[in-house]
Amino acid sequence: MEHYILALDQGTTSTRAMLVNKRGEIAGMVQQETRLSYPHPGWVEADAERIFGSSVEVVRQLFDDTGVTAAAIAGIGIANQRETTVVWDRESGLPVYPAIVWQSRQTEELCGQLRARGLERIFRDKTGLLIDPYFSGTKIAWILEQVEGAREKAERGELLFGTIDSWLIWKLTSGRVHVTDATNASRTLLYNIHDRRWDDELLAILGIPSAILPEVRSSSEIYGYSDAEWFGQAVPIAGVAGDQQAALFGQGCFEEGSAKNTYGTGCFMLMNTGRKAVASSSGLLTTIALELGGKTEYALEGSVFVAGAAIQWLRDGMGLIEASEDSEKLAQSVESTEGVYVVPAFVGLGTPYWDSDARGSVFGITGGTTKAHFVRATLESLAYQTKDVLDAMEKDSGLKLRTLAVDGGAAKNDFLMQFQSDIAGVPVERPEQVESTALGAAYLAGLAVGYWQDREQIGSLRRVERLFRPMLEEGRSRELYEGWRRAVSAARSFKRGV
Ligand SMILES: Nc1ncnc2c1ncn2[C@@H]1O[C@H](COP(=O)(O)OP(=O)(O)O)[C@@H](O)[C@H]1O
Ligand SMILES: O=P(O)(O)OC[C@H](O)CO
C-alpha cells in the first residue's frame, strides 16, 4: 500500500486537505471555504468550531474521493493562518469568544496605550514584532477583558489559548494535547524568540496568566495522535508551522538569503536569515522560520494585510468579477490602468508603513475609467505592495534578491506575476506546485516520521514551472512605482485630514 503524508492547510479563507506522496506531488486535494464575519468596521472574526469542523470534513471528503484511508497516512502536517486567536474552556471545550482573525483591529486602542507607555522597544527586542493588533497577545488580553468572568477563569487555569494549530491539535487529540510550535509562538507577542520561552515580563504587561498558554515544541516531531473518532484510526500529528513559515520550507528556501512571497488573503514575504535573528529598521518583522533538529532558524518578514482579499472584494463586495481568475483577462484587456491606483488599505497598512489609520482609496479615475482599469489597478496593488516589502528586505538584510519564489492562490495569475517582475526588477520563479504551504507542512511531518530523510532529499523534489523576467523598461517601471508611492501617501493622510 502506498503511504502518504496528510497536509492540512487551515488558511484565512479556506481549509484544504491534501495527500502528498514521496515525490512531493499532491495526490488529492479537498477545499472548503471559511466564512468570516465583520461585526464592526475593521473587526474580523471566525467561528472556531466551524474551522475545526471543516478541517475534519475536508479530510473525510479527501478519503472518500481518493479511497485512501487513515491506515495509509504516515503522519499529519498542519500549516495554519497565524496569530488568529482562540480562547476556550478546558472543561467544555467550547470557545469563549469567536476566533479573532489576524486581520482584526479591535485591539487598536490597547495597542495605542501600550505604545504611549513607551513599551514598543521591549516588545520589539524580545519578540521581533511590533505592538500591533495583528498579533495574538493583545487579542488574548482583549478577550479576557471583554468576556464576562474570563479573566478569573483564566487565572484559575480553566481557560486555554491557542493559535489555530493548537486549537486543531487539541480538538484532534480530544483535549489531551495542548501544544504549539515555535513558529506560531513567535507570532503571539508573548514569546521571547532569543531565549525561546514565553516571556513573564510581557505576560505581566498584558495581564495574561501563563496557565492558558500551550507548550512550545519544535516544528517537526510527533505531538500526539488524532483520536480514532475523527478519521477512523489514530494518526500521528508530526509537523506544525505557521503557514508562511511552512511555505518558506515548502519552497526549499533553506539557504540564508533565499526568499518567497505568498499571494494569499494577504501577501507575506519571508527571507531566511539562518541562525541569526536580524533586527529590522524598515518595518520588517523578525520571526522564527523553523525549529528543527534542536536548531532554531530565523527569518525577516514583510506583511501585506490585503492582497488576494482585494480580489475577493472585487468579486464579493463590488460584483465586478464572478471569480478571482477572471481578474487576469480583464486586466489584460487594457494596456494600462491609465493612471488609476487602488490602495487596498482596508485594515490599515502593514510593512513598511504600519499605519492603522490608512483606509482603502482609489486615485486617478476619469470618465474613461472602466471596470477593466479598476480591476487591473487592484491587481497591480499586490505587486506594488510586494515591491515596498522587497525594498525594505534588501535594505535590512544587505542582500540583493536573485529571484523571488512565489506561491499562494493569486500566484496563479500570469498577468500579476509578469507585472510583479516588471515592477520589482527581479525574476519571479513559480514552482510547479504552488501549494508550498501544504508541502512545507507535509515535509515537516514527513521528516519526523522518517517518510523523507533530510532537506537535501526534499529540496530535490522542487520543480520550477515558469520564470517571469522583467520586461518593462526601467524608467517606466520607476514612474509607475512613484505613482503608487504618491497614492499611498495620499491614502495615509486622508483619515488624519492632513
Ligand atoms: N487567479 C487569481 N488571480 C488573482 N487572485 C486570485 C486568483 N486566484 C485566487 N486569488 C486570490 O487568492 C486568495 C486565495 O489564495 P489562498 O492562497 O488560497 O489564500 P489563503 O490561504 O489566505 O486563504 C483569494 O483572496 C483569492 O481572491
Ligand atoms: O491565511 P493566509 O494563508 O493568508 O495566511 C495568514 C497569515 O498567516 C497571517 O499572518
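This note walks through some features of the structure above, point by point.

1. Before you start, keep in mind that this is a predicted model, in which local features need pLDDT of at least 70 and side-chain atom pairs count only at pLDDT 80 or more, while totals for chains, interfaces and linings use all residues. Residues are numbered from 1 along each chain as its sequence is written, and chains are lettered from A and ligands numbered from 1 in the order in which they are written.

2. Let's begin with ligand 1. Of the 19 residues around ligand 1, Gly-11, Gly-264, Thr-265, Gly-308 and Gly-409 come nearest (a residue is near a molecule if its C-beta atom, placed from the backbone, lies within 6 Å of it). Helices H11 (308-317) and H12 (326-332) each give two or more residues to this shell, and H11 has the largest share, with four. Helices here are DSSP runs of H or I with at least four residues, strands are runs of E with at least two, and both are numbered from the N terminus. The shell around ligand 1 holds three nonpolar, 13 polar and three charged residues; Ala, Val, Leu, Ile, Met, Phe, Trp, Tyr, Cys and Pro count as nonpolar, Asp, Glu, Lys and Arg as charged, and the others, Gly among them, as polar.

3. Next, ligand 2. The residues surrounding ligand 2 include Gly-11, Arg-82, Trp-102, Asp-243 and Thr-265. By class, the shell of ligand 2 has one nonpolar, eight polar and three charged residues.

4. You will find Asp-243 in helix H10 (residues 243-250). Is Asp-243 buried or exposed? Asp-243 counts as buried because it has 30 C-beta neighbours inside 10 Å (buried means 20 or more other C-beta atoms within 10 Å of a residue's own, exposed 12 or fewer, and partly exposed in between, with C-beta atoms placed from the backbone). Beyond residues up to four places away in sequence, Asp-243 touches Asp-9, Gly-11, Ala-79, Asn-80, Gln-81, Arg-82 and Thr-437; contact means C-beta atoms, placed from the backbone, within 7 Å.

5. Now for helix packing. The axes of H10 and helix H15 (residues 436-448) are 7 Å apart, at an angle of about 80°, so H10 is roughly perpendicular to H15. Axes are lines fitted to C-alpha atoms, for helices over the stretch in contact, and angles run from 0 to 180 degrees between N-to-C directions. Angles under 35 degrees count as roughly parallel, over 145 as roughly antiparallel, 65 to 115 as roughly perpendicular and the rest as oblique.

6. Compare another pair. H11 and helix H13 (residues 371-397) cross at roughly 160°, their axes coming within 8 Å, which means H11 is roughly antiparallel to H13. Ala-310, Ile-311 and Leu-314 of H11 meet Val-375, Thr-378 and Ser-381 of H13.

7. Helix H4 (residues 136-146) is mostly covered, with nine of its 11 residues buried. Among the elements that its buried residues pack against are strand S7 (86-89) and helix H2 (108-116).

8. Finally, some backbone details to check. Most residues other than glycine have a negative phi, and most peptide bonds are trans. The bond from Thr-351 to Pro-352, however, is cis, with omega near -5°. Pro-352 sits in the loop between strands S20 (341-343) and S21 (361-363), and Trp-354 is found in the loop between S20 and S21. Trp-354 has a positive phi of about 45°, and Arg-196 has a positive phi of about 55°.

Technical notes: Contact = placed C-beta atoms within 7 Å.
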